[in-house]
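Subject: Structure handover

Hello,

Here is the structure we discussed. Please open it first, then read my notes below.

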Amino acid sequence: MQGFKSDTATFRKYVALDGRHTSAFGFRLNNSWQSCPNNNVTDITFDNVPITSRVFFGEPGPWFNEMNMDGDKTTIFHDVDGSVSEYPGAFLVKEDNWLLRNPDCIDVPDWRAAICSGHYAQIYIQARNPANLNLKMVKDEYPDKPLELVGALGKKHHYQQFQPVVMLAKSYTVHWDAAAPAEVTVWIINFNRNDWINIGFCYPKGTTFTIISDLHNRLTKETRKTGIFLKTAQREKISHTHQTKGYYYWEENTGLLFLKVHAHNNRDAFAFCSVKGCERVKIKANIPKGSGPSDCMAKAYPRYAEMPIVDVPMPKKLSQSSLPQTSEHFLEVKVESYTTRFFHIKEDFAYAEANGKKLYQSEDGIHLTVLDGHSGKVMETKGFRNTVLMGIPAQIENYIKSLNDDSIVMITSKGKLVTRGPWTKTLEKLGADPNVKLKDKLAFVGFKGSFRPDWVRMAVDKEHAKIHQVLPLPIVRAVKL
């Protein structure tokens, strides 16, 4: 899937095996090119296709290589009616692309994907002089999760082009693995009129700039200058952009050049660019000789880190009556353990949620919520205080042994967790990685059975641990290759 629109299609007998990935929807492998956010699907039906085999975004390994090419990292498509994911209007994105995620995204571990909401578009960043750099793009909401791109063209080309998909109305920074290129052109792709993003480009100290906007006609190859960018001493002023005049803010102590990329013209439905041509911003930089790498990450963050915000509410899951008559469906689960602070008052909270029903943990220690792996129904809950975890770990061991096979076990922690001791071995029996070091906040979705499903996940943190994902029901082991 690269440029894709599918209406009313049926997929038959796509079945992934244990050791061989197969999916109805997939993506071109080892892809250096773009993935368009306008990719969309509607009215899809599946015949003898397990829900786990509907989509696969790829992972490092046989056939997929290292998944380190730009097109492999930026995959996305729009599930218009929810006929693929059960969430109408949602976008499916690669699970580790944090340029496209928001706090309410739902992980789909079997697909290596996340179900997200948002307004998406693209920019092309063309770099010249030099054209052999690698780029790192960071969303200010997730500064610890950058997207690293190597470019769509060969390193010997006279220019390089990076083609990230972006979430609109957000702020980003861009960094380089050597001194920044002397010329950067930002193409506005799939933006509707008045769509925008803010970008801070990293440059060496002492750099000076000439910045213009233009329109490029891809058919006639004609380019027309439309405006200039003036330097401002106030960062907020970059928002006051017009077609003929914009502003840039050069913050020399962090090395960031801030500007707003704004679409001023209308766009036809299936066109990449506006009806008047491709809107671009062209930055020409006079960079001091001998400058080192233009990577401003250490100075930019946490200074410019932003609180993640959901601009577009997540769609609600289709009701059971709206889903196809099949024995399989997704179960949405959420497990969260966190600390809140109000001045000097500190409070701990933890809950497990399945099928929209929240179960709060009342006492310190850990709390287990057990679901039936066939129906997804809550079968029982059980709490274990810290005194039990430290003094009588056999209690939790015996409890886990007593559970039926094919049970989903969600675990939260509250208060100061006992992070060591024999009781932690019970987590391994539910599929936890034995090398993970526990912290005060624990969120875990495990499985009691004869195999380890892909969706077994653990999150640990000092302040806030959260897992939000869908599980395929009934839980079935993949047939071996």
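Domain bounds here come from an automatic or database domain assignment. On that basis, the protein chain splits into domain 1 (1–117), domain 2 (120–301) and domain 3 (327–473). Please note that this is a predicted model.

**Domain 1 and domain 2**

I looked at how this pair meets. The C-alpha centres of domain 1 and domain 2 are 28 Å apart. Contact involves 22 residues of domain 1 and 28 residues of domain 2. Together the two domains bury about 2100 Å² between them. Carbon and sulfur atoms give 60% of that area. On the side of domain 1 that touches domain 2, 10 residues are nonpolar, eight are polar and four are charged.

**Thr424**

One residue got a separate look. Thr424 sits in a loop, between strand 25 (407–414) and helix 5 (425–429). Is Thr424 buried or exposed? Its relative accessible area is 17%. The cut-off for buried is under 20%, so Thr424 counts as buried. Which residues is Thr424 in contact with, once neighbours within four places in sequence are left aside? They are Thr419 and Leu438.

Best wishes

Notes:
Residues numbered from 1 in each chain as written. Predicted model: local features only at pLDDT ≥ 70, side-chain atom pairs only at ≥ 80, totals over all residues. Heavy atoms only, no water. Contact = heavy atoms within 4.5 Å. Buried area = accessible area lost by both parts, 1.4 Å probe. Nonpolar A, V, L, I, M, F, W, Y, C, P; charged D, E, K, R; others polar. Helix = DSSP H or I, 4+ residues; strand = E, 2+ residues; numbered from the N terminus. Buried < 20%, exposed > 50% of the residue type's maximum accessible area, 1.4 Å probe, protein only.
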